[in-house]
Amino acid sequence: MSNPLVDMQKPDVIFCIGTNMTECHPVAATGLKKAVARGAKLIVADPRRIGLADMSHLYLPLRVGSDTALLLGMAHVIAREGLIDDEFIENRTTGFDEFFEHISQWTPEWAETITEVPAKDIETAAMWYGSASKGAIYYTLGITEHICGVENVQSLCNLALMTGNIGREGTGINPMRGQNNIQGAGDSGALPNNYPGFQSVTDPAHQMKFKAEYGIEVDLEKGITKVTALELCGDSIHAMLIDGENTLLSDPDREHCEHALRALEHLVVIDIFLTETAELADVVLPATAWGETDGVCTNTERRVQRMRAAVPPPGEAKSDWWIICQIAQRLGFDGFDFDTPKPIFNELCRISPIYAGLDWERIENSEYQWPVPHKEHPGTPRLHEETFVNGRGIFSNVHYRDPAETISENFPVWLTTGRRLQSYHTRTQTGRAQGIDYLLPEESLEVNPADIERWNLSDGEWCKMSSARGSINIKVKATNRSPRGTVFASFSFADVPVNLLTGSGYDPITHTAELKVCPVKLEPL
Amino acid sequence: MTHKIEIDGVEVTFAEGETILEVAQRHEKEIPTLCYDPRLEPFGGCRLCIVELEGARNPVASCTTKATPGMVVRTTTDTIEAYRKTLLEMVVSENREVDVSPLRGYASGELADLRDKYAVNGTRISGATSGMSKDDENPFILRDYELCISCYRCVRVCAEQEGDHAINVMNRGFHTQITTEFDGLLKDSACTFCGQCIQTCPTGALADKKALRAVDEVADTLPDKTRTICPYCGVGCSVDILTKDDKIVGIHPAMDGPANQGALCVKGQFAYDFVQHSDRLKTPLIRADDGELYEATWEDALDKAAEGFRKVNAEHGRHSIYGIASGRAPSEAAYLMQKFIRVGFGTNYIDNCSRA
């Protein structure tokens with residue numbers, strides 16, 4: 001997030017797109033609800049009539065995968081109506097003239113033909129956001145889990161840059177991160193393109209720094225992403241170390257994924273349960289869980305916080321860091337002689353400019369949001385206040401692209417996937433929490449009541465749902481949350497493995513899977 | 001005019017919009033409250049926070065009275081304390097009991113603490129009790145309204161903090177009753193089971209069923225607390241884990257958590273018991289020649305894990321090994337995962353689970 005969570009109560013106009021925040025980030029959503037209660041206008045763009053849509057002042061029910069078209073249409077209106085922030089554009093950005101030229105062709109009427117959202121509603125959304133003194137954008141995986149995830153994010157940046165809605169209180173471009181330490185995992189350098197602290201592996205200065213630090217010459221080019229690695233399993237990838245991820249259920253195209261992991265000569269999984277993924281491993285190493293582990297995590301607003309152990313682990317379970325050190329030491333690797341997590345975190349801080357002002361003691365009270373470049377620095381709740389990291393904000397002349405697969409005679413229904421309030425990811429945790437079953441005992445496919453009739457399905461009965469990759473059986477649930485022609489299911493339940501069907505395509509730059517769009521057909525059972 | 005008022009003979013400053021209660025609390029005055037939750041709009045229901053205000057005919061509720069320049073306030077006179085004691089005697093007399101398990105909720109001991117402080121024994125005024133408890137099959141929230149004092153904190157936290165408006169009041173006066181739309185089950189209301197009502201309730205009328213189930217005997221002391229961060233989404237809510245004899249018995253939201261200011265959702269509040277579930281892996285496992293996984297010692301498992309990487313590296317080269325770090329484990333794990341790959345094999349063949 002460019003802005004802190006407390007800023008969520010402060011905008012006049014809030015634009016939520018591709019985020020089911022009341023279910024997936026419920027506590028963050030309380031801030032938005034307070035802003036709305038105070039009088040802020042809420043615009044919600046989502047294919048499904050989610051909880052946020054019900055409380056919005058303007059709901060844009062766009063077709064799945066058409067976000068770029070919607071955002072181009074909005075940019076067109078903002079420019080046409082003169083709602084741009086000339087001073088901000090002049091002082092802080094580059095490429096606006098070309099962008100202005102580029103968007104002149106993408107009218108809201110054109111956007112309507114792609115998104116199925118009435119042009120007048122696209123105009124209203126643009127006018128509201130463009131006229132806001134504090135306009136804030138919030139998004140989640142509904143923006144990024146597409147083959148055009150990068151273009152979607154760039155389109156949101158365009159809107160913020162042209163209206164100057166960035167670098168100030170109550171504004172910003174705010175992606176909500178989905179896991180307790182997914183931000184921290186990236187911060188720590190568990191990325192094929194970045195050393196710790198987002199230091200690019202292709203930058204010669206960083207290469208020299210880490211050569212000196214680690215005493216070894218690391219490849220000068222980027223590594224491959226997890227998606228590519230899974231594709232190469234058995235071909236050029238032969239061994240994997242997986243820490244705490246149920247890859248098999250969480251990733252798209254389950255059959256492909258299972259085939260990939262089985263093709264490995266050596267798979268080591270560190271986890272707290274014998275997950276579907278761990279069941280395929282050659283060695284399974286039991287880790288300590290939350291509540292048993294001392295360590296550090298970083299939240300969606302870049303706040304670096306301490307997690308603390310409250311109870312001892314079961315049996316012989318050990319901390320992840322200890323396990324990794326033990327394997328490394330057996331292989332003779334240098335720099336893994338740690339006895340506690342503290343010096344590990346301090347090493348990360350020492351070599352990461354964004355954490356340079358932090359150490360184990362300083363984060364005791366959760367006060368700091370990175371970047372914290374030195375010990376006297378108070379932290380950075382709000383990014384981009386004076387300048388952008390790369391100097392000027394760059395407008396991107398993006399084009400709309402169809403999803404990897406579009407509906408056809410064989411697969412005439414759009415399936416979109418996501419999460420539910422009461423379950424979390426693949427239910428390894430919530431599935432084992434007493435009482436959760438009372439609220440959410442099973443998965444069901446959300447179908448518009450009119451479609452149920454049209455497709456000869458029955459509410460509460462099972463149907464067969466198939467994509468180009470496979471088929472599953474799932475119970476049908478009638479609800480107006482789903483628009484006609486689009487159905488929804490979560491991927492949480494192992495007995496309804498929705499990710500058998502997904503995996504039609506990936507964003508070419510981020511390799512994020514298009515989990516939000518999958519053409520399917522539905523048949524009664 | 002300067003922003004100053006006098007409290008108990010001492011001149012203090014205040015900020016525009018502050019109430020007398022807020023100014024007094026900032027200067028460490030102990031003013032009793034029951035319907036007050038600093039996260040919510042002032043309500044003025046319980047009247048315990050009354051203070052004497054020079055020039056005012058009657059005492060005023062300090063939680064709803066904004067400070068204005070020149071006010072002269074007395075927080076603890078004999079008269080005020082006598083009023084407070086009588087108010088408490090009336091409140092206590094309405095309730096079935098006051099001594100409740102601290103596991104019921106974060107604030108559940110507030111009434112009992114004030115009862116003790118003012119030496120109210122509940123015998124001076126006795127008579128009818130109010131509130132009808134509601135049978136609700138849900139596994140999380142006990143609705144024991146015989147302990148309800150109609151402070152409306154639950155109703156207000158649901159509306160103001162959560163924005164859910166799942167509960168409200170029916171009837172008036174002595175017959176006031178907290179309920180849902182159509183007086184039904186919470187499951188059939190707009191309730192999301194975030195547990196905020198439990199945690200703000202000052203009497204334990206709304207209580208954490210799960211925590212109460214976790215201990216056999218009635219707990220009279222609060223369990224140990226450990227401050228940490230919720231294990232679920234990326235918002236990073238601060239929580240206190242409640243433990244008793246190495247068992248996790250419940251979760252309290254951290255009212256001073258920078259990301260959540262006391263708020264939680266159903267997962268953070270109630271879905272913690274996966275940690276001590278019997279399915280947890282307790283020993284390393286090694287796949288044997290018959291294809292099955294068997295329990296093993298750490299020595300054997302770590303040797304086999306290392307040996308496999310050594311062998312694949314020797315046979316297929318360093319670009320045949322890949323690491324996937326967790327978005328759930330602490331940063332030390334992710335940091336060492338990337339270090340393992342970079343230092344060990346000199347590649348950037350490392351990723352985390354953020355792409356799917």
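Two chains and the contact between them

Chain A divides into four stretches of domain: domain 1 covers 5–176, domain 2 is made of 178–223 + 287–375, domain 3 spans 225–286, and domain 4 runs over 413–524. The model described here is predicted. Taken over C-alpha atoms, the centres of domain 1 and domain 3 of chain A lie 37 Å apart.

Chain B contains an open sheet of five strands, in the order S2-S1-S5-S3-S4, with mixed pairing. At the edges of this sheet are strand S2 (10–13) and strand S4 (60–61) of chain B; each has a single partner strand, so one side of each is left without a neighbour in the sheet. Further in, strand S3 (residues 50–53) and strand S5 (residues 72–74) of chain B are paired in the antiparallel sense, over two bridges. Within this part of chain B, Leu53(B) has Val73(B) in S5(B) as its bridge partner. Strands of a sheet pair through backbone hydrogen bonds, in either the parallel or the antiparallel sense.

Strand pairing also links the two chains. Strand S11 (residues 283–286) of chain A pairs with strand S13 (residues 285–287) of chain B, again over two bridges and in the antiparallel sense. Here Val284(A) stands opposite Leu285(B) in S13(B).

The contact between the chains involves 101 residues of chain B and 123 residues of chain A. On the side of chain B that touches chain A, the largest share comes from helix H9 (residues 331–345) of chain B, with 13 residues. That side of chain B consists of 53 nonpolar, 28 polar and 20 charged residues.

Ile324(A) touches Ala333(B), Leu336(B), Met337(B) and Phe340(B), leaving aside residues up to four places away in sequence. Both Ile324(A) and Met337(B) are listed among the residues with the most contacts inside the largest nonpolar core, which has 268 residues. Others in that list include Ile14(A), Leu70(A) and Tyr129(A).

The second residue, Ala325(B), belongs to strand S15 (residues 321–325) of chain B. Ala325(B) counts as buried because it has 37 C-beta neighbours inside 10 Å, where 20 or more are required. Not counting residues up to four places away in sequence, Ala325(B) touches residues of chain A, namely Ala185(A), Ala190(A) and Asp243(A), and residues of chain B, among them Ala333(B), Met337(B) and Ile350(B). The C-alpha atoms of Ala325(B) and Tyr335(B) are 8.5 Å apart, with the two residues 10 residues apart along the chain.

Notes:
Residues numbered from 1 in each chain as written. Chains lettered and ligands numbered in written order. Predicted model: local features only at pLDDT ≥ 70, side-chain atom pairs only at ≥ 80, totals over all residues. Pairing = 2+ DSSP bridges. Helix = DSSP H or I, 4+ residues; strand = E, 2+ residues; numbered from the N terminus. Buried ≥ 20, exposed ≤ 12 C-beta atoms within 10 Å, placed from the backbone. Contact = placed C-beta atoms within 7 Å. Domains from an automatic or database assignment. Nonpolar A, V, L, I, M, F, W, Y, C, P; charged D, E, K, R; others polar. Core = buried A, V, L, I, M, F, W, Y, C linked by C-beta atoms within 7 Å.
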